[in-house]
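Subject: Structure handover

Hello,

Here is the structure I promised to pass on. Please open it first, then read my notes below.

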Amino acid sequence: MKGQADRIITCDVLPRMTEASHISIAMKDIVMTEFTLTTYDWVPEIPRGFVRDLRIRWALEEAGFSYRVDTTPFRNRDAGHFSRHPFGQVPWLTDGDVTIFESGAILLYLGERSEALIPADPLGRIEAIEWLFAALNSVEMPSVPWSLFKFSGDNADTPGRQMLDGFLQSRLRHMDGVLSAREWLAAVFSIADIAMSDVLRLVDRFDGLAEYPACRDYLSRAVTRPAFVKAHADQMAHFAAAD
């Protein structure tokens with residue numbers, strides 16, 4: 001549980017599943033100490049609750065890992081910031097001498113350390129990983145530019161916007177079909193659901209899921225989990241304290 005640092009996590013290397021090699025990170029006899037999650041010291045009100053350190057807070061809470069939150073300036077991003085994240089963004093996670101940037105990479109890193117984040121069985125593990133990548137590559141790809149137009153209030157009906165809307169709707173139709181037949185993307189809740197539900201949250205912010213009931217129901221299941229509720233409240237309180 002959270003607060004119990006210095007635990008030993010043992011994970012096996014995934015055996016060969018098909019002719020293609022499926023390789024997992026060998027995590028035998030690794031002593032796990034407290035993680036450090038770095039996010040901005042402050043952000044404006046509009047992105048609060050959607051800054052991507054939330055995904056990592058959520059995963060850490062689900063796994064019961066001990067962690068602390070560090071900050072980096074939002075306004076003045078120096079060379080030290082770019083040395084940790086080459087695009088000057090957040091989050092990044094520090095685990096001893098290891099520093100990882102990009103939320104998807106961090107989720108996978110944490111997932112290798114907890115069966116609360118990736119199923120233990122090989123097939124479930126592969127399913128969680130492929131849906132993690134699907135969330136970040138297939139669904140988030142159209143949802144981010146679509147959301148940026150919504151944030152800016154740009155509702156111009158241009159051929160480019162029509163193409164983007166169609167791209168996103170196609171992805172959501174496919175997801176609605178998938179989610180109508182399952183509770184979670186893998187056999188159990190996993191890092192794939194953290195990523196996918198957070199991607200869908202941004203679409204839902206602008207009523208983009210109105211015609212996709214299975215997506216809405218899935219999102220509701222995800223955001224009522226205690227770990228999400230705590231992670232979201234902690235992020236909101238973190239930024240509010242810096243006002």
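Start with a network of salt bridges: it links Arg52, Arg55, Glu140, Asp198 and Arg201. Please note that this is a predicted model. In total, the structure holds 11 salt bridges. Side chains of opposite charge can pair when their charged atoms come close. Three further pairs are worth a look.

**Glu62 and Arg225**

These two side chains form a salt bridge, with N to O at 2.8 Å. Glu62 sits in helix H1, residues 53-63. Arg225 sits in the loop between helix H7 (213-223) and helix H8 (226-240). The pair therefore ties together parts that lie 163 residues apart in sequence. Is Glu62 buried or exposed? It counts as buried, because its relative accessibility is 17% and the cut-off is under 20%. Arg225 has 22%, so it counts as partly exposed.

**Arg182 and Glu127**

Here the side chains meet in a salt bridge at 3.4 Å, N to O. This pair also links distant parts of the chain, 55 residues apart. Arg182 is in the loop between helix H5 (159-179) and H6. Glu127 belongs to helix H4, residues 122-152. Arg182 is partly exposed at 30% relative accessibility. Glu127 is partly exposed too, at 24%.

**Asp234 and Lys230**

Which helix holds this pair? Both residues lie in helix H8. They are 4 residues apart, about one turn of the helix. An α-helix has 3.6 residues a turn, so residues three or four places apart point the same way. The side chains of Asp234 and Lys230 meet in a salt bridge of 2.7 Å, N to O. Asp234 is partly exposed, with a relative accessible area of 27%. Lys230 is partly exposed as well, at 35%.

**Helix H6**

Now turn to H6, which covers residues 191-205. How many of its 15 residues are buried? The count is 13, so H6 is largely enclosed by the rest of the structure. At 1.5 Å a residue, the helix should span 21 Å, and its end C-alpha atoms are 21 Å apart, which agrees. Just after H6 comes Asp207, which takes a positive phi of about 60°.

That is the tour. Send me any questions.

Best wishes

Methods: Residues numbered from 1 in each chain as written. Predicted model: local features only at pLDDT ≥ 70, side-chain atom pairs only at ≥ 80, totals over all residues. Heavy atoms only, no water. Helix = DSSP H or I, 4+ residues; strand = E, 2+ residues; numbered from the N terminus. Expected span 1.5 Å × (residues − 1). Buried < 20%, exposed > 50% of the residue type's maximum accessible area, 1.4 Å probe, protein only. Salt bridge = Lys/Arg side-chain N within 4 Å of Asp/Glu carboxyl O.
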